[in-house]
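Please open the model in your viewer and keep the sequence panel beside it, so that each selection can be followed from one stop to the next.

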Amino acid sequence: MHQEAYELTVPAEPASLKRVRDHFRPILGHLAGDRTEDLLLAIDEACSNVIKHRREEGQGPTEDLHLRVETDPSLRLLMRLPGFCAVADKDKIKPRDLDDVRPGGLGMHFIAEIMDCVSLDPDPDRPGMLLLTMEKALDPEHLAEDPSGDGDA
Amino acid sequence: MLDLNTQQTPAGATVLAKGEIDLESAPELLQKLTPMMKSGAAVRVDLSGVSYMDSTGVAVLVQALKLGQKKGAGFTLVSPSERVQAVLSLARLDQVFEIEAGG
């Protein structure tokens, strides 16, 4: 399997979430088959987290969300979101206890449940910020022909 | 993106939700459900037409459930779509809500 990479940049606002899902749905459908909707949920939750935190911090117009979805030769799907959060906020990013039934705080739980591996590393392009990388092993049976005939989108 | 219609019956109100529930649209659902739950009336939410829901949608449903519990009012999810059921299950809330199958 050759490597494929797809990127999308959208304004960091709630109205962008549907656009993100609509953009990546056919791509993930091609790569991940019946896991597509779960993977879209993980992307959506990651983007929502960024949008909510920036809003809570009272930031005005903020930097766009930039998403990169790629595959590697070992059949892993890598989804990257630069500028996910500030280094100082790293400890706040964790799934919450589900035994306490209350609204909110489920996004990171969903991501952790859906993905095989989630990591936060220093963002090489944004000092003081972290890059979110979410990984999922792909099932070769789900892989179809590249619908675009061209990996880079 | 999210259509909300309310049907009143003698047994209470049913909110028919159709579309996608995410960070953008969940506030509309919360705005619709909050006064209904605060009134103490039984409320049913038909989720058969919801094709996508994320954690913000789940949060709104939990908030409505909690408001209903405070008022002693019933809160029932009706015919959740396969996708909604999957998300509730992922949140381990499928046993917390009263869920009515479609008919």
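The tour below goes through a predicted model, taking a sheet, an interface and a hairpin in turn.

Begin with chain B and colour its strands: five of them make up an open sheet in the order 1-2-3-4-5, with mixed pairing. At its edges lie strand 1 (2–9) and strand 5 (98–100) of chain B, each of which pairs on one side only, and from one strand to the next the twist averages 25 degrees. Within this sheet, select residues 12–21 and 43–53 of chain B, which are strand 2 and strand 3, and follow their parallel pairing over eight bridges.

Next, show both chains and select the residues in contact between them: 21 from chain A and 18 from chain B. On the side of chain A that touches chain B, the elements giving two or more residues are helix 1 (16–32), helix 2 (36–56) and helix 3 (107–114) of chain A, and helix 2 gives the most, with seven residues. Coloured by class, this side of chain A has ten nonpolar, three polar and eight charged residues.

Finally, stay with chain A and select residues 117–122, which form strand 4, together with residues 129–137, which form strand 5; the two pair in the antiparallel sense over six bridges. A:Ser119 stands opposite A:Thr133 in strand 5 of chain A. Six residues lie between the two strands of this hairpin, and in the turn A:Gly128 has a positive phi of about 85 degrees. How many of the six residues of strand 4 of chain A are buried? The count is zero, and the strand is hardly covered.

Notes: Residues are numbered from 1 along each chain as its sequence is written. Chains are lettered from A and ligands numbered from 1 in the order in which they are written. This is a predicted model: local features need pLDDT of at least 70, side-chain atom pairs count only at pLDDT 80 or more; totals for chains, interfaces and linings use all residues. Two strands pair if DSSP finds at least two bridges between them. Helices (H or I, at least four residues) and strands (E, at least two) are DSSP runs, numbered from the N terminus. Axes are lines fitted to C-alpha atoms, for helices over the stretch in contact, and angles run from 0 to 180 degrees between N-to-C directions. Two residues are in contact if their C-beta atoms, placed from the backbone, lie within 7 Å. Ala, Val, Leu, Ile, Met, Phe, Trp, Tyr, Cys and Pro count as nonpolar, Asp, Glu, Lys and Arg as charged, and the others, Gly among them, as polar. A residue is buried if 20 or more other C-beta atoms lie within 10 Å of its own, exposed if 12 or fewer, and partly exposed in between; C-beta atoms are placed from the backbone.
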